[in-house]
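Have a look at the model first.

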Amino acid sequence: MKLLKELYAYREMIISLVRKDLRGRYKGSVLGFLWTFINPLLQLMVYTIVFSVILRAGIDKFYLFLFVALVPWIFFSSAVTGGATSILSQQDMVKKIYFPRQVLPISYVTSSFVNMLLCFLVIFGVLIVTGYGINFVALLYLPIVMIVEYILAMGIGLLSAALTVYFRDLEYILGIVTMAWMYLTPIMYSVDMVPEKFVPIFNLNPMTPIIVVYRDILYYKTIPQISTLLHAFVLGLIVLLLGSIVFSKLQRNFVEEL
Amino acid sequence: MKQDNVIEVKNVKKKFKVFYDKGTSLKEKLLFQKRNHYEERWVLKGINLEIKKGEAVGLIGKNGCGKSTTLKLISRIMYPTEGTIEVKGRVSSLLELGAGFHPDMSGRENIYTNASIFGLTRKEINDRLDDIIAFSELEEFIDNPVRTYSSGMYMRLAFSVAINVDADILLIDEILAVGDVSFQTKCFEKLKSIKASGTTIVIVSHSPGQIEQICDRAIWIEDGLIKENGIPKFVGEHYLVAMEEKRLDKIEQEFQEQQSNSEKQEQPFTERQMPAFCIDQATRHGNKKAIITDCRVTDSAGKKCKVFKNGQPLIVEVSIKSQIPDLEVDLAVSISRDDGLYCYGHTIYREKNYLINLNQQCNIKFTITDLILLTGKYFINLGVYSSESEEYDVIWSVTDFQVMSPQDGEVGIFRIPHQWSY
């Protein structure tokens, strides 16, 4: 509780770190901030070409099927891998100044989140321009699932940030883990393709229900099942709780470990 | 916590693990388990501190004594191994200036970033923005990217932010060397006004002078324990004397070692080689018909001493010898300040019309009954001449001593006897 109050007091720091990160990301390049939009657009073009011309997947508009799941996934995986180095990369600051250490992973995850929101502008643009269309009632659920994913990513981000300080290999291990994790999450395929006996295991993966909901809303244009959303929310909350407890415990010795 | 205390440190101990060769990756942890051996070192061995609201406290001590660690514990950058620390109010630490500065962003934008790290909200920063810019004297450059700033400008901006945070407690670690002299003076003035407005200040320094200027109380930390806690002037003096004693002990030790070494191997006496009673800066010339064999600076009790108070007696004891029988020599003793200023000098022949007969080793005492020099570092120069000023042995900066002048505000070289009438 005290921590939340303190984090609220440091909200300006979070905001300015997010701003710095977003603005600094493409600093120096000619197109600058435009890359935030060009990047996903080009990615989408590549998928369209690959999956509708060369590798036909048997799923209608596979590039959209893939893309509405891939954008949330990229946010999640960058929160995990980038969150891991959020403390390490700012170690000079951590060693010299007091601020709630949670600020660093929080702002990293938040800036990745904002980046995802900007990518969604591209998704909406494509959905409208191609005439695929949007179900506006279903769209009301989109902010909810985004927040649920944000909670989950925050939990994992806190966890990986704190652990990486003590165990630097985690940074690289997490790169492999997220890649494997991506294939274990129904991003390239639909959850129906998963063999019956593996379904319970898939449901333990907190990203599975989240991706299912995103796809329901944007690809199938249907209202997602509340139970799926709730399932994702509960898993996210557990992870966040775990992440913040572990972080609070481990942060006491950060300075000595850095 | 007591009513008017803002910082309470109770029996705080801090242990560091000192790794010989630390492995942080999995491979290193598994393969080189031997390397993970570490030594535990107690940096703080039980510190008790109470600091009241509005107090300015200085922590002094030599490198590695634990003073910076104490400051880090108060600022919550680190946590104590044992004991408790309670702090009331917003803490601003000037441990690292310019944290989070982004070189590509303008000075103005960086003020926002940097101030936000101290926990200020946007509204609070807006309120202070003008003060910060005015204090930094960077009005014309404030919208230029920080990478175009000189390092002095950079520090000025950073200091202005840190000092305008309006914290309840301000922690400062050896950073009053910001910008040019006029800006430094301004920082000092600002610190004084911050103090006057009721902010608690804790400063870490190894220069007691700085602490005397601002603090009401000085705490001398040695080997992780508080050695003395009291009026800055006295604590500072004791600290300086102790440091000097320690240094002298070391010199003495080295001297003894050197002597036992030189006994083993006869060293040829050359121009370059300085005898042990000389300090490193000493320079020597002369035809060596007579040589100075020792020089001691002592107090009135005959104890070898390096630090003198203004007004105390100071005695220079010089030993001279010569190979030539019945050589008669003159001895000159003079004092110069460490900046090269020649303060005073005279010779025994010209003053007393006396020539020293060097039939055997001869000891001469030059007694200053009342040392009227002001605070500073001084050197003793010696010269052995013939009555016709032939240079036998001349040593510049044979040895040095420090003077501490008890009166504040005196300037110049020495105290000219004077009176005020009013």
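The second largest pocket has a volume of about 1,000 Å³. This is a predicted model, so local features need pLDDT of at least 70 and side-chain atom pairs count only at pLDDT 80 or more, while totals for chains, interfaces and linings use all residues. Residues are numbered from 1 along each chain as its sequence is written, chains are lettered from A in the order in which they are written, and side-chain values use heavy atoms, leaving out hydrogens and water.

**The pocket**

- A pocket here is an open set of points on a 1 Å grid where a 1.4 Å probe fits, with protein on both sides within 12 Å along at least five of seven lines; its volume is the space filled by probe spheres set on the points.
- The lining has 32 residues, and K2(A), E6(A), Y98(A), R76(B) and Y79(B) lie nearest the centre; a lining residue has an atom within 4 Å of a point.
- Two or more lining residues come from each of α1 (2–9) of chain A, β4 (82–87) of chain B and β5 (91–94) of chain B. These are DSSP runs numbered from the N terminus: helices (H or I) of at least four residues and strands (E) of at least two.
- Which element gives the most to this lining? That's α1(A), with five residues.
- Sorted by type, the lining has 15 nonpolar, eight polar and nine charged residues.

**Where the chains meet**

- The contact (heavy atoms within 4.5 Å) takes 33 residues from chain B and 28 residues from chain A.
- About 2,800 Å² is buried between the two chains, with carbon and sulfur atoms giving 55%; that is the accessible area (1.4 Å probe) lost on putting the two parts together, summed over both.

**Salt bridges**

- R76(B) pairs with E6(A), their closest N and O atoms being 3.7 Å apart.
- R122(B) meets E12(A) at 3.3 Å, N to O, linking helix α4 of chain B to helix α2 (residues 11–25) of chain A.

How values were computed:
Ala, Val, Leu, Ile, Met, Phe, Trp, Tyr, Cys and Pro count as nonpolar, Asp, Glu, Lys and Arg as charged, and the others, Gly among them, as polar. A salt bridge is a side-chain nitrogen of Lys or Arg within 4 Å of a carboxyl oxygen of Asp or Glu.
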